[in-house]
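User: I am new to this structure and would like to know what stands behind the terms used for it. Please set each value against its definition.

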Amino acid sequence: MTAAPVVVPDLGGAGLAVAGRELVAAMLDNPAGTVSPSVYETGRLVSDAPWLPGHAERLRHLLAAQRADGGWGAPGGYGLVPTLSAVEALLSALRTPGRAGPPQAHRLSVAVDRGVAMLRDRLLVAAEPVPDMPGVDLIVPALIDRIDALLADNAPSPGRRGPALPMPHGMTRHRAEAVGRLLASGGPVPEKLWHAFEVLDRRARAHPRARPVSGAVGASPAATAAWLGDPARPGADRAALGYLTEVVASGGGPVPCTTPIAVFERAWVLGSLARVGAAADVPAELTAGLAAALGPTGAATSPGLPTDADTTAVTLFTLARLGRPVAPDSLLAYDTGTHFCTWQGEDGASVTTNAHVLEALGWHARHSPGRPHADVARRVAGWLVDGQLDDGSWTDRWHASPYYATASVAASLAEYAPGATGGRLDRAARWVRDTQRADGSWGLWAGTPEETGYALQVLLGTGRPPQPGLDGVVRRALAYLDNHRDEETGAGVPLWHDKDLYHPVLIVRAAVLSARHLARLSGHPGR
């Protein structure tokens, strides 16, 4: 669901307040949330639901999104999943008469050949590991198998001939095979698997728990389309069809990986503004909705996804900062004894989840009689401190950029564990200063307003005394933001992890606005 263009006001003190009110209004206007379209998810609808309205628009979107080098998506390993999805989708369209349409058939064929060459020559033989994305170890083998089968049937082009596509470096089929055995057994299946229903084998269709919630399977258009199948068959689920029709209409054909995202969007936007004292006049409708999202095991990003510690922690922190605190007992179920897992059975660990847990528990420890959560908060703070990298940054599994992780951890430690940092915040600030680009921005691949906002939060939002030369650093950053306001309010660069990278438009806008607010509070008004 793409955002409508927004005219950014002059961002003086009054302008910041106007921008904040516009953010709140945008959330109310689009309760499902505003998310960039996904090449991966859009490709799955091209293959599995060509009958849905907007099929031609989805094909055009895939063609327009192909990079000059033949791949799709972000650089490096981040391009693997979207490229596999786009190639499989375009091959499917070419194989089935009427799907491609005569005017586009040649363009699709050329795009496929370039995409297959990219997979063979670079993406599937790269030495670096595949990025840690949700469902990646199920998605990659499933799409490789489908592409191999389609290549065998789409023979005329020499570029499509050759040996079967290999599995990428370091990846096996073990997880996919284990999930297949689990589905065959008919036993309980982790709820998070339904988010990638579109790449599960046919046994998933018969599982009794594979059902839509609020019309969607796993809050995913692709998963829902795969579960629904032929909409003309007797007994086809009307709610699922309605969900899909609404999603493709909202995005003009292309679709995001996850929708709706109301709880996630509202918690992150309002939490970001509240953290810097910029959340004023928040409608009761929004806070009431966040409170209602909390159950015995916390909150979920979307209906049909499992509850998780990250969404729960940010929701608890946001409600507390907005004057409607809720006891954080639901959060304690995710405590592993050393850190907090994002959900039970998580592979790996998330520093941003734990940074948000520290904020939620730290607020309640500070404001509750007897400080019942203080010991747990101190333990989480120690785990975060120990996770800092040698260069002073932090990285995380839910975002491609270290600037997001570093800003999240720095904010939580500065506010709720300042005595435990041992100079770690100074190291983080030095890393930020040392990595500023010549145009005043920060960014993993190139400068972005989003990452520049996070960098400013590290420099200005951690309570450190002003450092020599900081004025020039901040002035260049604010000038960059002023010169890139169209990017700040538009679709932006996808950096957040789902099955594909995505851009949560209003959440990013709130992060940049919070950074501007900090700059003004620190005496750096910008232009």
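User: Which residues of helix H16 are called buried?

Analyst: In helix H16 (residues 424-434) they are Leu425, Ala428, Ala429, Trp431 and Val432. Buried means under 20% relative accessible area, with over 50% called exposed and the range in between partly exposed (1.4 Å probe, protein chains only). A helix is a DSSP run of H or I with at least four residues, a strand a run of E with at least two, numbered from the N terminus. The model is predicted: local features need pLDDT of at least 70, side-chain atom pairs count only at pLDDT 80 or more, and totals for chains, interfaces and linings use all residues. Residues are numbered from 1 along each chain as its sequence is written, and side-chain values use heavy atoms, leaving out hydrogens and water.

User: Why are the buried residues of H16 said to line one face of the helix?

Analyst: Seen down the axis of H16, they fall within an arc of 160 degrees, so they line one face. The arc is taken from the directions from the helix axis to the C-beta atoms. Helix H15 (402-416) and helix H17 (449-460) are among what covers these residues.

User: What makes Thr318 buried?

Analyst: Thr318 has a relative accessible area of 0%, and the limit is under 20%, so Thr318 is buried. Thr318 is placed in helix H12 (residues 309-321).

User: Which residues does Thr318 touch, not counting those up to four places away in sequence?

Analyst: Thr318 touches Ala267, Leu270, Gly271 and Leu290, where contact means heavy atoms within 4.5 Å. A polar atom of the Thr318 side chain also lies 3.5 Å from the backbone nitrogen of Gly271.

User: What makes a space a cavity, and how many cavities of 30 Å³ or more are there?

Analyst: On a 1 Å grid over the protein atoms alone, a cavity is a set of points where a 1.4 Å probe fits but cannot get out. The count comes to five cavities of 30 Å³ or more. The largest cavity has a volume of about 210 Å³, a volume being the space filled by probe spheres set on the grid points, which are joined across faces, edges and corners.

User: Which residues lie nearest the centre of the largest cavity?

Analyst: Of its 19 lining residues, these are Trp268, Ser272, Arg275, Tyr404 and Gln457; a lining residue has an atom within 4 Å of a point. H10 (262-275) gives the largest share of the lining, six residues.

Conventions: Polar contact = N/O pair within 3.5 Å; in protein donor to acceptor, adjacent residues only side chain to side chain. 1 Å grid on protein atoms, 1.4 Å probe; cavity = no way out; pocket = protein on both sides within 12 Å on 5 of 7 lines; lining within 4 Å.
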